Every structure is written in C-alpha cells, then in structure tokens.
Amino acid sequence: SVFFEGGKKQVEKNGKPLADRKELVNTIPCVLYSHEDLAFVDGEPERRRFFLDQTLAMHHVLYIDTARHYRKALRHKNICLKNHDWELLPVYDEQLAATGAEVQNRRRTAVTGFTRIFSPLYEQVTGIGGVNLVYRPSWPSEGDITPEAALGILESRREGDIQFGVSCSGPHRDKIIFAREGENFVPTASTGQRRVAAILLRTAQALFYARSCGKNPVLLLDDVLLELDPEKRRRITALLPDYDQLFYTFLPEEPFERYRKETTKGYTLRNGRCYG
C-alpha cells in the first residue's frame, strides 16, 4: 500500500513500512513505457547508463547496492579533489576500483544479451537491420576487468583528476551507443525511428527480465503510441512480451477501443476522478 501522511509518502508491504525501494523490485516488477524514454536514445550518455543500470537492478537486486557504493565513493573522491585533499584519494580509488569493476563487467554482459533481443525487434518494426547497442567502457579492457586492473588505471590517471578537479574515468563515464555498420545510428535516424527505438528498449527490457527471472512483469504504457502511424502501432503491440498485467493510458480522442480484449477493463479519468 502507498499513502501520504503529513505530506510524506509512506510505502508498506504486508503492513510493514519499507525503508528501501529495492525491497519493491521483486514484489511488483514493472516496465514503464513513457515519452521521457526518448532520452534513452538521443539524450545525454547519463540517461543510457541509467537505463542499463535499471535493467540490471530488475533481476539482480544486489546490483543496486553495488551501484550505490560506487556513487558514494565517487562523491567522496570528488569532494577531496575539489578541496585539494589528496591524502584520501588512494582510499577512494580502491573503493571505486572494487565496485566499478563489477559495474563495468555486469554492464558489458547485459549489453551483449540485451542487443540480441533489441536488434531483431527493431528490424521487425522498422525494416532496418543491424542496429545494435555497443558498450564503450571508460576503463578499456578486452573482456572482464579485475579490480586490480581498474585500480591501476585510476592510479595512472590520478594527476589528470587532480588537474581537472574531478574523477575523469570509471563507469560514470561509460558510453552506450546505438550503432549500425560501425557508425552511430542516432544522428541519421528520423524522429520516428528514434521513437520506435525508445519503445522497443522497454519491450527488450521486459523480455530480458522475463528470460533472466522466469517471471512476467507488469507493463505500463503511458500514452506512448500516439505519435506512431497505425502500422507501427500494430507491429509494436504485436511484439509486446507476456505480462502479468498490462495498463494503457490514452487521450480521449485516441482509438483506444482497438486495443480492448474480452477481459479488458476500461476506466475514464475526468476532473481527477476515476469512472469505470
């Protein structure tokens, strides 16, 4: 249950307050499709890193702690760099190497598995083949990187960190790009092609979760089909993965009736009230 008390949100599970949102991840795993997902395709690199970390956290809850520990060490290191406090840099670099190596290795494995799902989906909807996700880690490595190798890179770049006053290498600088024939696909893609990519990222995320955990997520489609032509809408909805439940939201003028099934329940929101 979720409710507001004294202006603050309270979440309970089986009547007990939850202190950490990670306790909800496996309770009701959800995949949310929204207009803001377009930033995962043509936004800043940080948004693609966020999407990848979110995908990993869905089926590997402990990854949330790993990513948190990395961000905490990074924050403390950057404070030291800003304050010209060099003595603690080796301590934080050790922490960054230990957690950052795991982040990088899991991201690399996830991108490899994820692109096997995304690429054929994208070709089915758009007819454009060979669009893959490519992982370009900040710490170069042929395969998995060890904490020792990561620490060596951090130490070799410490003078640069001091010069710029910020930590310049690590998973927080990773890049994930959409590539086709070795080139960045996004700059040449149309708005519609980028929008389809964003929607199919979520479909691939749901499939990736289901195949990893053997459970179907709840799908939440928040008015994301409006800008697509009818044929692309048909193809995308036909490719939706198996789900525990599916929720659509539509504007009143949209042809939402075509998505109704025998078991579908419809509700109308008007002036803040819900009518069945």
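Guide: Keep in mind that this is a predicted model.

Visitor: Which residue of E9 is the bridge partner of Leu221?
Guide: That is Tyr248.

Visitor: What order do the strands of the open sheet come in?
Guide: The order is E4-E8-E9, three strands with parallel pairing. From one strand to the next, the twist averages 10°.

Visitor: And which strands does helix H7 touch?
Guide: Helix H7, residues 191-213, packs on the sheet and touches E4 and E8. The direction of H7 makes about 175° with that of E4.

Visitor: Switching to helices: how do the axes of H2 and H7 sit?
Guide: Helix H2 covers residues 45-59, and its axis comes within 9 Å of that of H7, crossing at roughly 25°. Angles under 35 degrees count as roughly parallel, so H2 is roughly parallel to H7.

Visitor: Is that crossing left-handed or right-handed?
Guide: H2 passes H7 in a right-handed crossing.

Visitor: Nice. Which residues make the contact?
Guide: H2 contributes Phe51, Gln54, Thr55, Met58 and His59. From H7 come Leu201, Arg202, Gln205, Phe208, Tyr209, Ser212 and Cys213.

Visitor: How many residues of that H2 and H7 contact are nonpolar, polar or charged?
Guide: Six are nonpolar, five polar and one charged.

Technical notes. Residues numbered from 1 in each chain as written. Predicted model: local features only at pLDDT ≥ 70, side-chain atom pairs only at ≥ 80, totals over all residues. Heavy atoms only, no water. Pairing = 2+ DSSP bridges. Helix = DSSP H or I, 4+ residues; strand = E, 2+ residues; numbered from the N terminus. Axes fitted to C-alpha atoms, helices over the stretch in contact; angles between N-to-C directions. Contact = heavy atoms within 4.5 Å. Parallel < 35°, antiparallel > 145°, perpendicular 65-115°, else oblique. Left-handed = near helix turned anticlockwise from the far one by under 90°. Nonpolar A, V, L, I, M, F, W, Y, C, P; charged D, E, K, R; others polar.
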